[in-house]
Structure formats: C-alpha cells, structure tokens
Amino acid sequence: MATAAFYLGSQVDGHVKSFIVKQGWGFLGSPAFPEDIFVSYETAPELEYAVSLYGTLDNVPVKFTVQDSTRFPGTFEATAVSIAASADDFVGREIQGVFKSFVVKSGWGFLNTALFPGDIFVSFKTAPELEAICGVLGRLQGHYATFTISPSKASPGSFEASNVRLAVDALNPSQATMALLSAQARQASQPETVDPATLVGNRVAGSFKSFVFNKGYGFLTTPRLKSDIFVSFKTDPKLQ
C-alpha cells in the first residue's frame, strides 16, 4: 500500500475518523494509505459550514486534498475537504461556498463548497448581480458567498449558481467586504424592473428622458420598467 506522501497534492476519498467540534480539529482516514491525516478549521475553513449543517462529522464520507503540514514538518494535513454528497441533493437550496476562480473580464468562474465535490459554474449571465459586486471588489477569488444551485441550462449534467451574495466573516470584516455589503443593500433597495404590459392602467413615478417640443413627442423613463415609454401632445394634450 502506498503512503500519504504518494498522494501529496492529490484529492482522495476518505472519511472523518474523529473531529472535536468545540476545538475545531480531528483526523481523516483513507483506504488509499495507512496514515491518519490531521484536519482543522485552519487547514479547511469550509468545515465550519459543514458542522453548522450536520452537527457532527464523525464517520462522514469526504473527499480531501493531502498537503504537507505547515506546523509539523514530515507530517501531512488535509485541505479542500468536501462532504461526499452530490450537487443533486442541494438543487434549489441556498448554500455557502467560496469562489475558486473568477475572470472578471470574461465574466465567469467557479464556486466550490464543503457539501459536495466538484465546481459550480457561475457567470454574469447566471448571476447578473456579480457585475455590481465586481465593481466594488474587483476580484472575487477566495471570497465566501451564499448561492442557489440549479441544473445548468448550457451544459446538461452540470450545475450553475445564481442569487450570489458575498458572506461576511464576522471576525475579520474587511473594508472591501463591507463596501460590498453596502452595494448589495443599494441594489436590493432598487425596485425590480417589470414588463410594461404588467402595469397598463397604473400610475408610476418617472422622469422625462427626452422631449422634442417642436415635434411634440418624447420619451419617459422609470426604474419600474425595462424600456422607455413614448409620450406626445397627442397622447397627453396637457403637455402643450
């Protein structure tokens, strides 16, 4: 049987042999090698979220990556730990994860979570709110977020994220994250745009976008609608 050193940097299947929730550390085992692998909230912060959902991690099947210990040379520790569940189990649910990568110029990237292995695709198309978030932070990689999982429309058999909101680490709230929360609050306070047909016969608040007096027509705009509304001396003689 190979040793843990053979799998250094690789993801392996295993299980939680023991984990002391209050102290935040424990050991993982794998059928691939005989050694126990140390794990903690420090080496795998995503476990805190898993504990909040499952309560205990003992004997839970997991996937993890083996790396050299940063504290005890010559030993190993686990990182990138995920519960061996399936993304199918969480479709339609809001979960927490972290941005593994995101290319702002291209408008897409990937999220992952401790709840199951594999990456979740996300883009400006699946989560338009990210454009405003990128405008504040500039970079998303490494940030924790909550998001909703749904089957991918573009790639059957895979999954994508929507309704993405950055999570704040209450112990270390950075200025960038706090600025982002302000941006999210401003975005949430804006009325949702709707199709004009849904407001036929209703009065709405808006402003003149343009009006050509010598021709007697122009356009109105309102945050409630996706498009501009035509207006003229003929449609509203009171404007003359």
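Biologist: What relative accessibility does Phe121 have in this model?
Modeller: The model is predicted; local features need pLDDT of at least 70 and side-chain atom pairs count only at pLDDT 80 or more, while totals for chains, interfaces and linings use all residues. Residues are numbered from 1 along each chain as its sequence is written, and side-chain values use heavy atoms, with hydrogens and water left out. Buried means under 20% relative accessible area, exposed over 50%, and partly exposed in between (1.4 Å probe, protein chains only). Phe121 counts as partly exposed because its relative accessibility is 28%.

Biologist: How many aromatic pairs does the whole structure have?
Modeller: Rings of Phe, Tyr and Trp (its six-membered ring) pair if their centres lie within 6.5 Å; planes under 30 degrees apart are stacked, over 60 edge-to-face, and the rest tilted. A search of the whole structure gives an aromatic pair count of 14.

Biologist: Which residue forms an edge-to-face aromatic pair with Phe27?
Modeller: The two centres are 5.9 Å apart, with 70 degrees between the planes. Helices (H or I, at least four residues) and strands (E, at least two) are DSSP runs, numbered from the N terminus. The pair links strand 2 (residues 25-30), which holds Phe27, to strand 3 (residues 33-40), 11 residues apart.

Biologist: What angle do the planes of Phe110 and Phe121 make?
Modeller: Phe110 lies in strand 7 (residues 108-113) and Phe121 in strand 8 (residues 116-123). Their ring centres are 5.9 Å apart, and the pair is edge-to-face because the planes stand at 70 degrees.

Biologist: Which residue meets Asp13 in a salt bridge?
Modeller: A salt bridge is a side-chain nitrogen of Lys or Arg within 4 Å of a carboxyl oxygen of Asp or Glu. For Asp13 the N to O distance is 2.4 Å. The pair joins strand 1 (residues 11-20) to strand 4 (residues 61-68), 50 residues apart.

Biologist: How far apart in sequence are Asp36 and Lys17?
Modeller: The closest N and O atoms of this salt bridge are 2.9 Å apart. Asp36 lies in strand 3 and Lys17 in strand 1, so the pair ties together parts whose separation is 19 residues.

Biologist: Which residue in the turn between strand 11 and strand 12 has a positive phi?
Modeller: Two strands pair if DSSP finds at least two bridges between them. Strand 11 (residues 207-212) and strand 12 (residues 217-221) run antiparallel and are joined by five bridges. They form a hairpin with four residues between them, and the residue with a positive phi, about 75 degrees, is Gly216.
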